[in-house]
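Please look over the sequence and the structure first.

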Amino acid sequence: MRLVFAGTPEVAVPALDALLASGRHEVAAVVTRPDAPAGRGRRLVASPVAERAEEAGIEVLKPARPRDPEFLERLTEIAPDCCPVVAYGALLPRAALDIPARGWVNLHFSLLPAWRGAAPVQHAIMAGDEITGAATFLIEEGLDSGPVYGTVTEEIRPTDTSGDLLTRLAFAGSGLLAATMDGIEDGTLKAVPQPADGISLAPKVTVEDAHVDWNTPALRVDRVVRGCTPAPGAWTTFRGERLKIVQAATVPSLTDLAPGQLSAGKNNVYVGTGSYAVELLWVQAQGKKPMQAADWARGARITAGENVGG
């Protein structure tokens, strides 16, 4: 088939690579978000998908909005049979959805209908799910509600951050998307409507969602830290300033600390929760680089009875 691939962040690059490597389909163009300011200089930088497409000599389309007439006109001229999508980042209007004869097919990082929305991996970890996966589905105008072509499953490991899990799903899902394109072309794959039961929503995780509540059990604190790593980053406060929690671990044997109470030894920093303690492993103080929590505690000269999140 003649394809136009839509995607923006690094997590979409493995899927583009898989389609380019398959040799069965032609990737005629790529659609991605416009260049965005990045780094300290805030200079405009092309998306990872745009950079990969340019390396491969593929036409790159960067509409400000997918409803822009110039974009719709160019997409019509390219005349794709199908448009595979991975984390494009903009809502597709009906005018765009109608252009490819076989529609737009999204690779979504959950087992639909669970975790429809922008942050399925983060929500799966924060909810304590043990299994997740990826699904390919035909895009409709509803939120991730279209019929499903195929799925792959992935175990959520006890120490997985959302970054770890998303990386594995990106590579597992890339093979699924390529196989979905093959099945659509040869007619062996039919999309199946999603069940009405089991729907859950995964809106974008906000900075406030990443604020650690030490009154909750240690397992909940651990899930928030892992689910919000690397972005937006779990955080608490210490002496009136924000303290980012980069890595932590639960300590079921330590139960005598009150919620938020700090205990700093030579090599360990513990915080009490609503159940047992959590050990801070890596933290990032405001305006500083990430450091081991024990080094941070020594520099801060924590005294007995001090708390975080007060």
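## A loop residue with positive phi

Trp-115 is placed in the loop between strand 7 and helix 5. Helices (H or I, at least four residues) and strands (E, at least two) are DSSP runs, numbered from the N terminus. Phi of Trp-115 is near 55 degrees, a positive value in a residue other than glycine. Is Trp-115 buried or exposed? With a relative accessible area of 14%, Trp-115 is buried. Buried means under 20% relative accessible area, exposed over 50%, and partly exposed in between, with a 1.4 Å probe and protein chains only.

That loop also holds Pro-113, between strand 7 and helix 5 (120-126). The peptide bond from Leu-112 to Pro-113 is cis, and its omega is near 15 degrees.

## Basis of the model

The model is predicted: local features need pLDDT of at least 70, side-chain atom pairs count only at pLDDT 80 or more, and totals for chains, interfaces and linings use all residues. Residues are numbered from 1 along each chain as its sequence is written, and side-chain values use heavy atoms, with hydrogens and water left out.

## The chain as a whole

The chain has 310 residues, of which 47% count as buried. Its secondary structure comes to 8 helices and 15 strands. The C-alpha trace spans about 70 × 45 × 30 Å along its principal axes.

Contact means heavy atoms within 4.5 Å. Among the contacts in the chain with a separation of 6 or more, 65% are between residues 24 or more positions apart. The chain exposes about 14,800 Å², and carbon and sulfur atoms supply 52% of this area. Accessible areas come from the Shrake-Rupley method with a 1.4 Å probe; for residues, only the protein chains shown count as cover.

The chain carries 29 positive and 36 negative charges, and their mean positions are 7 Å apart. Lys and Arg count as positive and Asp and Glu as negative, while His and the chain ends are not counted. The place of a charge is taken as NZ of Lys, CZ of Arg, CG of Asp or CD of Glu.

Strands of a sheet pair through backbone hydrogen bonds, either parallel or antiparallel. Here, an open sheet of 7 strands has the order 5-2-1-6-7-8-9, with mixed pairing. Strand 5 (59-61) and strand 9 (148-155) are its edge strands, each pairing on one side only. From one strand to the next, the twist averages 20 degrees. Two strands pair if DSSP finds at least two bridges between them.

Strand 2 (residues 26-31) pairs with strand 5 in the parallel sense over 3 bridges. Within strand 5, Glu-59 stands opposite Ala-29. Helix 3 (residues 69-78) lies across strand 1 (2-7), strand 2, strand 5 and strand 7 (104-108), and runs at about 150 degrees to strand 5. Axes are lines fitted to C-alpha atoms, for helices over the stretch in contact, and angles run from 0 to 180 degrees between N-to-C directions.

Val-86 belongs to strand 6. At 0% relative accessibility, Val-86 counts as buried. Leaving aside neighbours within four places in sequence, Val-86 is in contact with residues including Phe-5, Val-11, Asn-106, Phe-109 and Leu-177. Val-86 and Pro-14 are 72 residues apart in sequence and 9.8 Å apart in space, C-alpha to C-alpha.

Ala-79 is found in the loop between helix 3 and strand 6 (83-86). Though not a glycine, Ala-79 has a positive phi of about 55 degrees. Ala-79 counts as partly exposed, at 43% relative accessibility.

Strand 10 (residues 235-238) and strand 11 (residues 241-251) run antiparallel and are joined by 4 bridges. Phe-238 stands opposite Glu-241 in strand 11. The hairpin of strand 10 and strand 11 has 2 residues between the strands, and Arg-239 takes a positive phi near 50 degrees there. Strand 11 is also joined to strand 14 (residues 277-285) by 8 bridges, and these two run antiparallel. The bridge partner of Ile-245 in strand 14 is Val-283.

Where does Pro-232 lie? Pro-232 is in the loop between helix 7 (218-227) and strand 10. The peptide bond from Ala-231 to Pro-232 is cis, with omega near 5 degrees.
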